[in-house]
Amino acid sequence: MTTTGAGLTGRAERADALIWAARPHRTLWRDAFDRLIANRLAIVGGVIILIFALMAILAPIISPYPYDRIDYGAISQYPTWTGKYPLGTDLVGRDMLSRLIWGAQVSMAVGLGAQVIVFLIGVPIGALAGYAGGKIDAIVMRFVDVMYAFPQLLFVILIMTALGRGFQNIFIAIGVTGWVTLSRLTRAEFLALRERDFVLAARAAGAGPWRLISRHLLPNALSPIIVALTFGIPQAIFTEAALSFIGIGIPDPRPSWGKMAGEYQQYITSYWYMSIFPTILIALLMLSFTFFGDGLRDALDPRTRRSK
Amino acid sequence: MAHYIARRLLMIIPTLIAISLITFVIMHATPGSPLQPMAANANPLPPSAQQALARKYGLDKPYWEQYLHYLRNIFTLDFGMSYQYQTREVKEIIWRTFPVSLHLGAMAMALAILVGIPFGVLAAINQNGPIDYAARVLATLGVSVPNFILALFLIVGFVLLLPVIPRTGGWESPIDWVLPTIALSLGPIGIIARYTRASMVEVMGQDFIRTAYAKGLAERQVILRHVLKNGLIPPLTILGPMFAAIGTGSPFVEKIFRVPGMGRFFVDSLISRDYPMIMAVILLYGAFLALMNLLVDVLYGVVDPRIRLG
């Protein structure tokens with residue numbers, strides 16, 4: 001897969017060098033990047049993600065008011081599009097625009113942060129099962145099967161109510177339930193790679209289990225893992241929004257788009273904008289990550305390009 | 001076949017026991033107790049009252065005893081009394097709310113199949129044409145936008161802007177069923193359309209399809225007789241888990257449209273730590289999911305004789 005030419009010797013390497021001299025050197029990642037750039041939808045998704053990310057990082061600077069500033073003189077004001085409160089105010093007189101900007105922090109942090117936990121739990125377990133095989137594999141996979149039989153969203157709700165509301169608890173809940181798919185994927189990749197010749201060669205050259213996993217198996221299984229993580233991001237954003245929607249997510253007074261949508265959905269017939277603005281943002285961000293993930297998958301694995 | 005089904009049915013039991021054990025551990029290993037619920041307006045009870053309540057519900061016994069007791073009762077389908085509605089049995093609550101969720105789920109599922117499969121087929125036939133493009137946009141929207149968000153958009157669209165539906169909420173007349181069904185089915189429509197298209201495209205590239213064209217069959221006949229027959233098997237596999245997911249109700253859709261189904265009850269019971277309700281709902285869901293997977297596997301063997309169950 002990689003084109004570094006390592007492992008080739010003598011004449012073969014010279015021939016290789018000649019071929020590579022004829023055109024610029026390209027790596028798998030460079031190729032994937034070019035393919036990603038060529039995908040218009042993925043680029044649009046990427047740009048929107050970038051805008052939201054900037055919004056999250058710069059929230060303290062660009063938001064006109066603090067998210068919890070209450071203006072009793074302007075309660076439930078409709079959007080005016082200009083002036084003091086361009087997107088209106090909520091039921092207790094807080095600026096909608098400021099709350100929406102701050103809400104980006106929660107969605108971005110949960111989307112990206114939860115994947116770190118999913119990665120840290122899912123990959124080692126999958127790697128262990130796939131590398132060790134035999135009894136360990138059987139035990140781990142039985143456990144994974146049971147986890148699969150759980151309704152994931154109900155399980156997350158269960159954990160959240162057990163741990164209580166809170167920012168870090170959302171990470172834990174999503175991480176604890178989200179690793180299953182990733183560990184299954186890692187295991188399948190490892191099982192397939194383990195039988196390949198280059199792994200046998202590395203083993204013959206005296207590589208120990210740790211070196212085999214970190215230098216040979218994991219790098220080759222990386223692109224499907226990255227793709228799975230990318231698709232996990234909108235999933236995590238959805239989970240946070242859903243938890244906050246039913247009132248067991250981010251604690252007050254911090255705004256989250258899901259919470260805003262949930263709190264104000266019962267007033268939708270009188271104040272439509274209060275719940276519709278945050279839902280548009282959630283939908284937009286999730287769509288962007290999905291498009292970006294689609295593009296990334298096609299870029300990293302050209303074989304799947306045709307069928308989808 | 002009967003042997004296979006019996007074995008699979010038996011295997012559901014250990015899975016359910018494992019699920020109940022994990023649920024039990026999560027419920028009890030974490031801080032908080034049903035005696036002092038996290039609800040904002042709950043009053044802390046005096047210690048003597050707490051002890052009396054704990055004795056009444058058996059919460060003063062060691063955990064392993066509580067669990068074994070629960071397990072024994074379940075085999076006689078006794079799910080215990082609900083903590084939040086103290087005069088009502090869990091069984092009775094589920095008996096009343098589950099059919100509502102099932103009704104909503106079945107309607108959404110039917111709509112998803114009736115719209116999703118034709119959409120996928122049309123998209124595959126007109127590859128890269130306008131219908132394909134529209135199907136792809138709809139599928140992506142349906143898959144990646146959560147149903148509670150779609151529900152809010154539907155309310156704004158069809159109740160406020162374009163008053164086709166007079167009201168939202170309730171479950172009395174069929175007019176109340178329209179929006180929740182659509183909100184719940186858009187995601188599944190997208191998934192079914194995507195799967196159908198992918199599998200149709202794959203079948204259309206096979207040799208026997210070329211042969212069918214070569215022997216002079218009209219396109220319509222090739223599609224109906226050869227492509228559809230083979231292309232519809234993969235989408236079949238996702239229908240089971242999908243129905244299990246929406247057939248038990250979506251807490252969000254049920255909350256927004258005030259549908260008196262099980263999903264809404266589940267969230268309420270979690271927040272007030274109604275242990276018997278939580279257990280019962282999770283077990284019911286697990287059993288439903290397992291049964292649906294079994295049904296799909298059996299159907300799979302019926303549709304495609306090459307697949308042997310064993």
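## Confidence in the model

The model as a whole scores ipTM 0.72 and pTM 0.77. For chain B the mean pLDDT is 79, and 88% of the residues score at least 70. Where pLDDT is low, the predicted coordinates should not be read in detail.

## Chain A

Chain A contains twelve helices and zero strands. Its pattern along the sequence is accordingly written α-α-α-α-α-α-α-α-α-α-α-α. Chain A has 308 residues, of which 39% count as buried. Contacts between residues at least 6 apart in the sequence of chain A may also be considered: 68% of them join residues at least 24 apart.

Helix α9 (residues 197-204) of chain A is hardly covered, for the count of buried residues among its eight residues is zero. After α9(A) comes G206(A), which has a positive phi, near 100°.

## Chain B

Chain B has 13 helices and zero strands. Read along the sequence, the pattern of chain B is α-α-α-α-α-α-α-α-α-α-α-α-α. In this chain of 310 residues, buried residues make up 35%. Among the contacts in chain B between residues at least 6 apart in sequence, 75% link residues at least 24 apart.

## Packing of α6 and α7 in chain B

Helix α6 (residues 147-161) of chain B packs with α7(B) at an angle of about 135°, and the two axes are 9 Å apart. Angles over 145 degrees would count as roughly antiparallel, and those from 65 to 115 as roughly perpendicular; α6(B) and α7(B) are therefore oblique to each other. The crossing in which α6(B) passes α7(B) is right-handed.

On the side of α6(B), the residues that meet α7(B) are N147(B), L150(B), A151(B), L154(B), I155(B) and F158(B). Their partners in α7(B) are L179(B), I182(B), A183(B), L184(B), L186(B) and G187(B). The residues of this contact comprise ten nonpolar, two polar and no charged.

## Packing of α7 and α9 in chain B

Helix α7 (residues 174-204) of chain B also packs with helix α9 (residues 219-231) of chain B; their axes come within 8 Å and cross at roughly 130°. The helices α7(B) and α9(B) are therefore oblique to each other, and their crossing is right-handed.

In this contact, S199(B), M200(B), V203(B) and M204(B) of α7(B) meet V227(B), N230(B) and G231(B) of α9(B). By type, the residues of the contact divide into four nonpolar, three polar and no charged.

## Two residues of chain B

L224(B) is located in helix α9 of chain B. Between L224(B) and A287(B), which are 63 residues apart along the chain, the C-alpha atoms are separated by 36 Å.

R258(B) lies in the loop between α11 (251-256) and α12 (262-271) of chain B. Most residues other than glycine have a negative phi. In R258(B), however, phi is near 50°, a positive value in a residue other than glycine. R258(B) is partly exposed because 15 other C-beta atoms lie within 10 Å.

## Where the chains meet

How many residues does the contact take from chain A and from chain B? It takes 34 residues from chain A and 35 residues from chain B. On the side of chain A that touches chain B, at least two residues each come from α6 (134-149), α7 (152-163), α10 (209-245) and α12 (272-300) of chain A. The element that gives the most to this side is α12(A), with nine residues.

Which kinds of residue form the side of chain A that touches chain B: nonpolar, polar or charged? They divide into 25 nonpolar, eight polar and one charged.

Methods:
Residues are numbered from 1 along each chain as its sequence is written. Chains are lettered from A and ligands numbered from 1 in the order in which they are written. This is a predicted model: local features need pLDDT of at least 70, side-chain atom pairs count only at pLDDT 80 or more; totals for chains, interfaces and linings use all residues. Two residues are in contact if their C-beta atoms, placed from the backbone, lie within 7 Å. Helices (H or I, at least four residues) and strands (E, at least two) are DSSP runs, numbered from the N terminus. Ala, Val, Leu, Ile, Met, Phe, Trp, Tyr, Cys and Pro count as nonpolar, Asp, Glu, Lys and Arg as charged, and the others, Gly among them, as polar. Axes are lines fitted to C-alpha atoms, for helices over the stretch in contact, and angles run from 0 to 180 degrees between N-to-C directions. Angles under 35 degrees count as roughly parallel, over 145 as roughly antiparallel, 65 to 115 as roughly perpendicular and the rest as oblique. A crossing is left-handed if the near helix is turned anticlockwise from the far one by less than a right angle, and right-handed if clockwise. A residue is buried if 20 or more other C-beta atoms lie within 10 Å of its own, exposed if 12 or fewer, and partly exposed in between; C-beta atoms are placed from the backbone. pLDDT is the predictor's confidence in each residue, from 0 to 100.
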